[in-house]
Amino acid sequence: MTMSSNRWVPKGAGVGLRLPHLAEVVATRPSVPWLEIHPENFLANPHATELLFEVRRDYPISVHSVGVSVGSVGGIDHVHLRRVRTLVDIVDPVLVSGHLAWSTHDGEYLNDLLPLPYDEETLRLVAAHIEEVQDSLGRPYLLENPSSYFGFDTSTMSELDFLCELVRRTGCRLLCDVSNVYLSAHNMGYDPWRYIDGLPVAAIGELHLGGFTPEEDEAEPGAEILIDTHAARIAEPVWQLYAHAVRRFGAKPTLIEWDNDIPSFAALLAEARRADEVAARALTPQPRRAVAG
């Protein structure tokens, strides 16, 4: 497999370009370093694709698929993958990414990103599918850590170990969704800071930030579960975890995700500016304090 792995990547925080803002971005050309799209929003929408090509002239584009189901037992949908490849070839994105999840069964697409047991059998399956995707696209595929709400009794390794082994076996890179780390750690009862510390620094190609919604945990009355809705501003504890991630991984392209109850584009830009400010502070060396003799 020959892959283009030394591609230029954008600096700073970009935003997810969703269809409600597409015409506005074409008309106003806002000041944002890069944009991310879901290819599934464009594959059956010729008018949106035409506008996307206009946007591509002025902005680096990242492609983040929600339909390439690397965890499906039935295998990759090669028709869908070819359609994504066609769009990727035309747009020539700076990054291509997707989810550690499954979302298809018997040819049907499910409107969700569903979890996987972490064991050797699943590891072989997902690794083979990632290699298929990378072979088809001709470039590295960034795999995003999931938002988790429960685990499998059959799992024999942690999510962190599973991701690290996928990187070792396939050469894929990782998209660290910092909000997902915080959310999953809250729901599953582990330390999000240690999770960040355990990820392989060299494999991290992108960071994501998005909002979540707290709900009552029906399985445990009085407890709270966090739902990955992408429908709110980024929570304060996530900003703190993001600063920690930046200190560990260095400056990485960071995306603001907002997919439901979508606000004005100006609100997304404000979140992106805050991400830049948090990252800049995290990377600023702190002066040493004098020690009294």
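**Figure 1. Overall dimensions of the protein chain in the predicted model.** The protein chain has a radius of gyration of 19 Å, which agrees with the value near 19 Å that a compact globule of 293 residues would have. Taken along the principal axes, the C-alpha atoms fill a box of roughly 70 × 50 × 45 Å, and 51% of the 293 residues count as buried. Among contacts between residues at least 6 apart in sequence, 78% join residues that are at least 24 apart. The secondary structure comes to nine helices and twelve strands.

**Figure 2. The closed barrel of eight strands and the pairing of E1 with E2.** The barrel runs in the order E1-E2-E3-E4-E7-E8-E9-E12, with parallel pairing; neighbouring strands of this sheet are turned by 30 degrees against each other on average, when direction is ignored. In general, strands of a sheet pair through backbone hydrogen bonds, either parallel or antiparallel. Strand E1 (residues 13–16) and strand E2 (residues 35–37) run parallel and are joined by two bridges, and within this pairing valine 15 has leucine 35 in E2 as its bridge partner.

Figure 3. Leaving aside neighbours within four places in sequence, the residues in contact with leucine 209 are Val178, Ser179, Ile234, Val238, Trp239, Tyr242, Thr254, Leu255, Ile256, Glu257 and Ala275. Cysteine 176 stands 33 residues from leucine 209 in sequence, and the C-alpha atoms of these two residues are 9.1 Å apart in space.

**Figure 4. Polar contacts of aspartate 259.** Aspartate 259 is placed in the loop between strand E12 (254–257) and helix H9 (265–283), and at 23% relative accessibility this residue counts as partly exposed. Apart from neighbours within four places in sequence, aspartate 259 is in contact with Arg18, His38 and His230. The side chain of aspartate 259 makes a polar contact of 2.4 Å with the side chain of arginine 18, and another polar contact, of 2.7 Å, joins the side chains of aspartate 259 and histidine 230. Although aspartate 259 and glycine 16 are 243 residues apart along the chain, their C-alpha atoms are separated by 8.2 Å.

**Figure 5. A side-chain contact between serine 69 and serine 72.** Serine 69 is found in the loop between strand E3 (61–64) and helix H3 (78–91), where its relative accessibility of 5% makes it count as buried. The side chains of serine 69 and serine 72 are joined by a polar contact of 2.4 Å.

**Figure 6. Two stacked aromatic pairs.** A search of the whole structure finds five aromatic pairs. In one of them, the ring centres of tyrosine 182 and phenylalanine 212 are 5.8 Å apart and the ring planes stand at 15 degrees, so the pair is stacked. Because tyrosine 182 lies in helix H6 (residues 178–188) and phenylalanine 212 in the loop between strand E9 (204–210) and strand E10 (213–216), the pair ties together parts that are 30 residues apart in sequence. Phenylalanine 212, at 14% relative accessibility, counts as buried. Tyrosine 190 and tyrosine 195 also form a stacked aromatic pair, with 5.7 Å from centre to centre and 15 degrees between the planes. Tyrosine 190 is partly exposed, with a relative accessible area of 31%, whereas tyrosine 195 counts as buried at 5% relative accessibility.

Key:
Residues numbered from 1 in each chain as written. Predicted model: local features only at pLDDT ≥ 70, side-chain atom pairs only at ≥ 80, totals over all residues. Heavy atoms only, no water. Phe/Tyr/Trp six-rings, centres within 6.5 Å; stacked < 30°, edge-to-face > 60°. Helix = DSSP H or I, 4+ residues; strand = E, 2+ residues; numbered from the N terminus. Buried < 20%, exposed > 50% of the residue type's maximum accessible area, 1.4 Å probe, protein only. Polar contact = N/O pair within 3.5 Å; in protein donor to acceptor, adjacent residues only side chain to side chain. Pairing = 2+ DSSP bridges. Axes fitted to C-alpha atoms, helices over the stretch in contact; angles between N-to-C directions. Contact = heavy atoms within 4.5 Å. Rg over C-alpha atoms; globule rule 2.2 N^0.38 Å.
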